[in-house]
Amino acid sequence: MAIKMLFTPNGPIAVSGDLSELKLTDSTGQPIDISGEKKIFLCRCGGSVTKPFCDGTHTTIGFQAAEAAVRGDG
């Protein structure tokens, strides 16, 4: 099953599918263990203390995401 990323309204990125195929690394290139997970939620608001994962902080800080995706030139 393909990996699917859903940008939830004013919330995290929900990632689902065959996560055994997803290689998630931190800013230093170290792998982040997501083995056994069926779905993960990645922080978009920047406030989570469990980055890169969502901890629900977006609901308390009033995070508002863009209404629609905008394609960049780069």
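At 2% relative accessibility, S48 counts as buried, because buried means under 20% relative accessible area, exposed over 50%, and partly exposed in between (1.4 Å probe, protein chains only). Hello everyone, and let me say what we are looking at. This is a predicted model, in which local features need pLDDT of at least 70 and side-chain atom pairs count only at pLDDT 80 or more, while totals for chains, interfaces and linings use all residues. Residues are numbered from 1 along each chain as its sequence is written, and side-chain values use heavy atoms, with hydrogens and water left out.

Back to S48, then. You will find S48 in the loop between β3 and α1 (58-61). The names come from DSSP runs, numbered from the N terminus: helices are H or I with at least four residues, and strands are E with at least two. Which residues does S48 touch, not counting those up to four places away in sequence? They are C43, F53, C54, D55 and T57, where contact means heavy atoms within 4.5 Å. Look at F53 in particular: its backbone oxygen lies 2.6 Å from a polar atom of the S48 side chain. For a polar contact, we ask for a pair of N or O atoms within 3.5 Å; within protein, one must be able to donate a hydrogen and the other to accept it, and residues adjacent in sequence count only if both atoms are side-chain atoms.

F53 also leads us to L24. L24 sits in the loop between β2 and β3, and with a relative accessible area of 17%, L24 is buried. Leaving aside neighbours within four places in sequence, L24 is in contact with Q30, P31, I32, I34, I40, L42, P52 and F53. By contrast, the C-alpha atoms of L24 and D73, 49 residues apart along the chain, are separated by 25 Å.

P31 was on that list, so is P31 buried or exposed? P31 counts as exposed because its relative accessibility is 67%. P31 belongs to the loop between β2 (13-16) and β3 (39-42), and beyond its neighbours within four places in sequence, P31 is in contact with L24 and T25.

Now please turn to the strands. β1 and β2 pair in the antiparallel sense over 4 bridges; to pair, two strands need at least two bridges found by DSSP. At 19% relative accessibility, S16 counts as buried, and S16 touches A2, I3, K4, K38 and K39, not counting residues up to four places away in sequence. The hairpin of β1 and β2 has 5 residues between the strands, and there N10 takes a positive phi near 55°.

I13 is in strand β2 too, and at 11% relative accessibility I13 counts as buried. Apart from residues up to four places away in sequence, I13 touches M5, L6, F7, I40, F41, L42 and R44. The C-alpha atoms of I13 and Q30 are 17 residues apart along the chain and separated by 21 Å.

Finally, F7. Its place is in strand β1 (residues 4-7), and F7 is partly exposed, with a relative accessible area of 49%. Together I3, M5 and F7 make a nonpolar surface patch of about 290 Å². Accessible areas come from the Shrake-Rupley method with a 1.4 Å probe, and for residues only the protein chains shown count as cover. Patches are made of residues with over 30% relative accessible area and no salt bridge, joining like charges within 9 Å and nonpolar side chains (Val, Leu, Ile, Met, Phe, Trp, Tyr) within 5 Å. A salt bridge is a side-chain nitrogen of Lys or Arg within 4 Å of a carboxyl oxygen of Asp or Glu.
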